[in-house]
Amino acid sequence: MSKIKVKSRAAGYIFAGAVLLLSLVMLRVLVRAPCADDARRAFIDAHSHLHGRLPAGKADYDGAVETALKRMDELGISKAIVMPPPMPENFPRHYEYEDFLPALKKHAGRFAFLGGGGSLNVMIQQAVALGKTPDRLRKKFEERAGKIAAGGAAGFGELTAEHLSMAPRHPYESAPPDHPLFLLLADIAAERGLAIDLHMEALVKDAPVPARYKNRTNPESLRGNISALERLLAHNRKARIVWAHAGWDNTGDRTVELCRELLGRNPNLYMSVKIEEISLPQTSPLSGGRLWPQWLELLKAFPDRFVLGTDQFYASPRLSFMWPGRGKEVRSLLDQLPADLAQKIAVDNVFHIYPLAQKKL
Ligand SMILES: [Zn+2]
């Protein structure tokens, strides 16, 4: 064999090798082995808010929705259920779902909504202040709930039975969870196939307000509310009640044991998980970033009853509003669950609880 032939054969091998290598690279680009981000399980955020009220009566919900979409993409949130927070009477930055609905409709596949935080909750607070529920208020409440249902809401929220004030201009609100208007709403929700999102600090019995929440807005002592919550749940078993913010406990009473007992006794009780550093560490699902075994056991015992709810407030970029970047912690919890349980909590349960398929924006 001549030297030239050997050289050209070697060049041929090198060329073939290069082609093979290039093909493999191309194939890898085409099928793209999943990197950590691609493999991440998407989830539905079942509890979030839009902050679009600007000074002087103006609003920028389009901007708030843009903020939401950016953050949702970062966290792997495929869809968010947004809702007005539970507002008291004469709340200065008052709003309802009608205010943000036009902005949501521009990204219909990414959002669903609940209504009533800016209207039904206000009426409940009015009735509590009055110490009675006049017929006219009851009728107005019923009509408003019907309007929210007809307007495409997946449920009623955010309503509150015990809401601590944690900052200036953050209201204290309280109402017995078995208040006649809550019972009425349970009947309306059951009839319409809608869910109720309820914010309620847990109090197994009357107790002084936690020391760190002693301020001018909160009362000195808080009323026990767990028995009344169970009366609401028993009032209409067809009403699905989502007790918001499991894992975010500020009284010390919302323990894994209490959640287990209540879920065991009440088949229409659901919970959305929220995790944030400011709540009490002893009842949080995560400790040092790791999922507590007791919490994992609870989620496994009731795999169909939990969803994730970041409680993020997505603000318009025109507001100087800074909110802690909630969501990373529930993402971390989700990533530590076994695959079948993660799928239920991330997506499937949300579809079972809220009529999302029927409520296209
Ligand atoms: Zn809340």
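A residue is termed buried when its relative accessible area is under 20%, exposed when that area is over 50%, and partly exposed in between (1.4 Å probe, protein chains only). By this criterion Glu158 is buried, with a relative accessible area of 2%.

The structure is a predicted model, in which local features need pLDDT of at least 70 and side-chain atom pairs count only at pLDDT 80 or more, while totals for chains, interfaces and linings use all residues. Residues are numbered from 1 along each chain as its sequence is written, and side-chain values use heavy atoms, with hydrogens and water left out. The predictor's confidence in each residue is expressed as pLDDT, from 0 to 100. For the protein chain the mean pLDDT is 90, and 88% of the residues reach 70 or more. Residues 1–7 stay under 50 in pLDDT, and the model gives them two contacts (heavy atoms within 4.5 Å) beyond four places in sequence. Residues 17–38 also have a pLDDT below 50, with four contacts in the model beyond near neighbours in sequence. Where pLDDT is low, the predicted coordinates should not be read in detail.

The protein chain contains 12 helices and 15 strands; these are DSSP runs numbered from the N terminus, with at least four residues for helices (H or I) and at least two for strands (E). Of the 361 residues in the protein chain, 52% are buried. Among contacts with a separation of 6 or more, 78% join residues 24 or more positions apart.

A zinc ion has as its protein donors Glu158 (OE), His199 (ND1) and His245 (NE2), at 1.8 to 2.3 Å. Donors are N, O and S atoms within 2.8 Å of the metal (3.2 Å for Na, K and Ca); water is not among the atoms, so sites may look incomplete. Along the chain the donors follow the spacing E-x40-H-x45-H. Glu158 belongs to strand E5 (residues 155–163) and His199 to strand E7 (residues 195–200), so the pair ties together parts that are 41 residues apart in sequence. His199 is buried, at a relative accessible area of 5%. The peptide bond from Gly157 to Glu158 is cis, with omega near -15°.

On a 1 Å grid over the protein atoms alone, a cavity is a set of points where a 1.4 Å probe fits but cannot get out, and lining residues have an atom within 4 Å of a point. Grid points are joined across faces, edges and corners, and a volume is the space filled by probe spheres set on the points. The largest cavity holds about 50 Å³ of space. Its lining includes the zinc donors His199 and His245, together with residues including Trp248, Asp249 and Arg254. Strands E7 and E10 (240–246) are the elements that give two or more residues to this lining.

Ala56, with phi of about 60°, is found in the loop between strand E1 (43–51) and helix H3 (61–75) and counts as exposed at 75% relative accessibility. Asn90, with phi of about 55°, is placed in the loop between strand E2 (77–82) and helix H4 (97–105) and is exposed, with a relative accessible area of 73%. Most residues other than glycine have a negative phi, and most peptide bonds are trans.

Conventions:
1 Å grid on protein atoms, 1.4 Å probe; cavity = no way out; pocket = protein on both sides within 12 Å on 5 of 7 lines; lining within 4 Å.
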